[in-house]
Amino acid sequence: MADSSDSVSLDMEMYSPRGKEHLIKTSQGLVSVAVFGDPDKPALVTYPDLALNYMSCFQGLFSCPEAYSLLLHNFCIYHISPPGHELGAVTMSPDDPVPSVDDLADQVAEVLNFFGLGAVMCMGVMAGAYILTLFAMKYKHRVIGLILVSPLCTAPSWTEWLLNKVMSNLLYFYGMCGVVKELLLKRYFSKELRGCAQVPESDIVQACRRLLDERQSSNVWRFLEAINGRPDLSEGLRKLQCRSLIFIGEHSPFHSEAVHMTSKMDRRYSALVEVQECGTMVTEEQPHAMLIPIEYFLMGYGLYKASKVSVSPRSPLSPSCISPDLLSLESMGLKLKPIKTRISLEV
């Protein structure tokens, strides 16, 4: 099928009735892209973390009515899955070379070329945030903004490298076994959601555990190998030509990485939002905490929520609710005062 066509489309009945999943042939192999929304609108490209796809990484955020009205009202969404991470993926051939992070960033460019896209907004989580940041550094004129959740930007520390090697060996020899799933869930979620002997794990964690069972372990292994061999991007971050909004959970093991990344970026064009009582995957654990910062961020591009949506106490819908200073392009940092803006559960 891949030899006869560059893309295969499948009807998807998700949060958009017009959603289609495309299997695109690139120089690095096939990659799945799920498209939702009006293709005439600006593009928002997403990339998930290790062992996840858009269903397990972004569904919590896009299921929020406010996020739906803000993001799908303004964008056509292009969910890129890491190679072999899409729903129903088959095991990739062992003869295929393991891609590098540069290969994966170049693959994003090929996806944009396939759809005829120019400059896009990007949203990535953890490893996916690294890939999109690298893409923004390599293809500066193709990214107008970055929304990053618990991003990686440095080379792995010895601790992370060793943990990843343990996971890599387990995946290679034993597949998606119980130990690997526990390590991944610890990577994604806070201790409160994962539960303990006295408290059962949350529905979100249970759903993610079931989705991990569907992953092809050798495909996950390939992405992990790429991420564990990543170079440090720190020195190039200040040269990024796009605005950046970074989220990090208070209890994420990648908290220091996000703070470091923000410190290396131009503070006039970047902001860090720390979400209290949250783990790494803010998109699933506390998606509502992302709404107001994203709304302010997009106002810098002249984008607003659909006016027909009823007013929510979580997020202002009318520009008249916002200080005029925040609507200027020069404010980009959205006046979120870079480094740290704390969002409590009461917001």
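Reader: How many helices and strands does the secondary structure of the protein chain come to?
Author: This is a predicted model, where local features need pLDDT of at least 70, side-chain atom pairs count only at pLDDT 80 or more, and totals for chains, interfaces and linings use all residues. Residues are numbered from 1 along each chain as its sequence is written, and side-chain values use heavy atoms, leaving out hydrogens and water. Helices (H or I, at least four residues) and strands (E, at least two) are DSSP runs, numbered from the N terminus. For the protein chain, they come to 13 helices and 10 strands.

Reader: What pLDDT does the protein chain average?
Author: pLDDT is the predictor's confidence in each residue, from 0 to 100. In this chain, 83% of the residues score at least 70. The average is 85.

Reader: Over which residues is the pLDDT below 50, with 78 contacts in the model beyond near neighbours in sequence?
Author: Contact means heavy atoms within 4.5 Å. Residues 1-5 stay under 50 and have 5 contacts beyond four places in sequence. Where pLDDT is low, the predicted coordinates should not be read in detail. The stretch with 78 contacts is residues 309-347.

Reader: What share of the 347 residues in the protein chain is buried?
Author: Buried means under 20% relative accessible area, exposed means over 50%, and partly exposed lies in between (1.4 Å probe, protein chains only). Of the 347 residues, the buried share is 57%.

Reader: Is Ser150 buried or exposed?
Author: Ser150 sits in the loop between strand 7 (143-149) and helix 6 (158-174). Its phi is near 50 degrees, a positive value in a residue other than glycine. With a relative accessible area of 0%, Ser150 is buried.

Reader: How far apart in space are Val259 and Ser150, C-alpha to C-alpha?
Author: Val259 belongs to helix 11 (residues 255-264). At 31% relative accessibility, Val259 counts as partly exposed. In sequence, 109 residues separate Val259 from Ser150. In space, C-alpha to C-alpha, the distance is 9.5 Å.

Reader: What is the relative accessible area of Glu277?
Author: Glu277 lies in the loop between strand 9 (270-275) and helix 12 (282-285). Glu277 is not a glycine, although its phi is positive, about 50 degrees. Glu277 counts as partly exposed because its relative accessible area is 40%.

Reader: What volume does the largest cavity have?
Author: A cavity is a set of points on a 1 Å grid over the protein atoms alone where a 1.4 Å probe fits but cannot get out, and lining residues have an atom within 4 Å of a point. Points are joined across faces, edges and corners, and a volume is the space filled by probe spheres set on them. The count comes to 2 cavities of 30 Å³ or more. The largest has a volume of about 50 Å³.

Reader: Which helix gives the most to the lining of the largest cavity?
Author: Among the lining residues are Pro83, Asn219, Arg222 and Phe223. The greatest contribution, 3 residues, comes from helix 10 (residues 217-228).

Notes
On a 1 Å grid over the protein atoms alone, a cavity is a set of points where a 1.4 Å probe fits but cannot get out, and a pocket is an open set with protein on both sides within 12 Å along at least five of seven lines; lining residues have an atom within 4 Å of a point.
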